[in-house]
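User: I would like to learn how to read the sheets of a model, from strand pairing to the packing of helices. Could we work through an example together?

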Amino acid sequence: MVHGEREVLPSATRAEAAKALEQFTTAYNAADKAYDAALDADHTTGALAAIDSARLKAGATNHPDGNPAHQPLELTDAKFTIPKKAGWPRWFVADTKANKGGTARWLLVFTRDGLDQTWEAAYLTLVAPGKVPEFKTDRDGWAEAVPANSTDVSVPPADLSKDYTTYLQDGGKSFADGVHTSSWRALREKRSTRPGLVTQYIDEPLTNGDYAPLALRTKDGGALVFFTSRHFEKQTAARGASVPAPNKDVLALTDGEIKQSLTMEFVSNEVALDPADGQVSILGRVQGLTSGKGE
C-alpha cells in the first residue's frame, strides 16, 4: 500500500499537468467572457483567486451583460516543472507563452490538497523571456521542491513576504535593484508628496494557507520562489481639495463615500530568484485591487 502523504512522488504526471492547464484556461475564459467569478472559482486559489475574483466582480458591476472586450486567453508552448515530494499540497509550475502581455512568459503554479481535488492555479506571474532560471532535475526530469524554512538560500522562502514588505517600507540590501524594488520605492516616494494630497502606503506579508510560498530548486543551488503580499494605499486630500476621481473599476470595489480619503487594498503575487548567496531578485509581480474604502 502506498501512503501518498509519506511517499516521495512526482506531484503530477505530465499529462495531468497539461490537462490542469487546459481546464484552467477554459474556466478562466468562461469567467472572463461572462464576468462571472463563479465560473473559474474551482480552478483558482490563493493570490490569483483574490486578484481574479475582484477583477470579475468589478467587471460584472460595470458590464452586467458580460465583458464587451473579451479576448480568449491562449496559453501555448507550455513547459511543466513538476517537483517530486512527499505530502500535500502537491504542486507544479507551468511556464507558457500567451497571446496577452507581450513577449513575457506566463508562470502559473497549480496546487491541490488531495487526490480527489481539482488542480487550482494559485500564482500567476509574468517574467521576461530568458529570465526563467534552469531548474535542478533528477534523471527522470522531476524537479526538487525547496522547503519553506530552508536556510541554504539567502532568505528562507517562508520569510520572503515579510522581508519584502519590510524592504518596501524601510529599504535595505536584501533585494537587488529593479522595477519591483528600488524603482517602486522611488515611485511611491514621489507620489506620497503631491501638493494637496497625502498618500500613505502600508505593506503586509501574506503567508498562510493558500498564500503560502512555494519554491523550486534551481540548477545553481538557489531557489525560484513564488510568494504573496498585501498592500494598502491611502490617499487623503487636503482641506478644501478632493481625492482624484478613481476609475469605475475602483469605484465598483469601493465601500463608503469618497469625501476626504480613499484607501485601496491590493493583493500582489511575486516570483523571486533567491540565490544560495547574494541579493534576492524579484523577476515578476502581478497585483490587483481587491477592495476600497471611501471616507
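Analyst: The model shown is predicted. As a general idea, the strands of a sheet pair through backbone hydrogen bonds, in either a parallel or an antiparallel manner. Here, strand β5 (residues 105-112) pairs with β6 in the antiparallel sense, over 7 bridges. Within this pairing, threonine 111 has glutamate 120 of β6 as its bridge partner.

User: Which helix packs on the sheet and touches β2, β4, β5 and β6?

Analyst: That is helix α1 (residues 14-34), which contacts β2, β4 (90-98), β5 and β6. The direction of α1 makes about 140 degrees with that of β2. A further helix, α2 (residues 46-62), lies across β5 and β6 and runs at about 80 degrees to β6.

User: What is the strand order of the open sheet of 4 strands, and which strands stand at its edges?

Analyst: The order is β2-β4-β5-β6, with antiparallel pairing. Strands β2 (75-81) and β6 (120-127) stand at the edges; each has a single partner strand, so one side of each lacks a neighbour in the sheet. From one strand to the next, the twist averages 25 degrees.

User: How is the open sheet of 3 strands arranged?

Analyst: This sheet is ordered β1-β3-β7 and its pairing is mixed. Its edges are β1 (9-10) and β7 (143-144), each with a single partner strand, so one side of each is left without a neighbour in the sheet.

User: In which sense do β3 and β7 pair?

Analyst: Strand β3 (residues 83-85) pairs with β7 in the parallel sense, over 2 bridges. Proline 83 stands opposite alanine 143 in β7.

Terms used:
Residues are numbered from 1 along each chain as its sequence is written. This is a predicted model: local features need pLDDT of at least 70, side-chain atom pairs count only at pLDDT 80 or more; totals for chains, interfaces and linings use all residues. Side-chain values use heavy atoms; hydrogens and water are left out. Two strands pair if DSSP finds at least two bridges between them. Axes are lines fitted to C-alpha atoms, for helices over the stretch in contact, and angles run from 0 to 180 degrees between N-to-C directions. Contact means heavy atoms within 4.5 Å.
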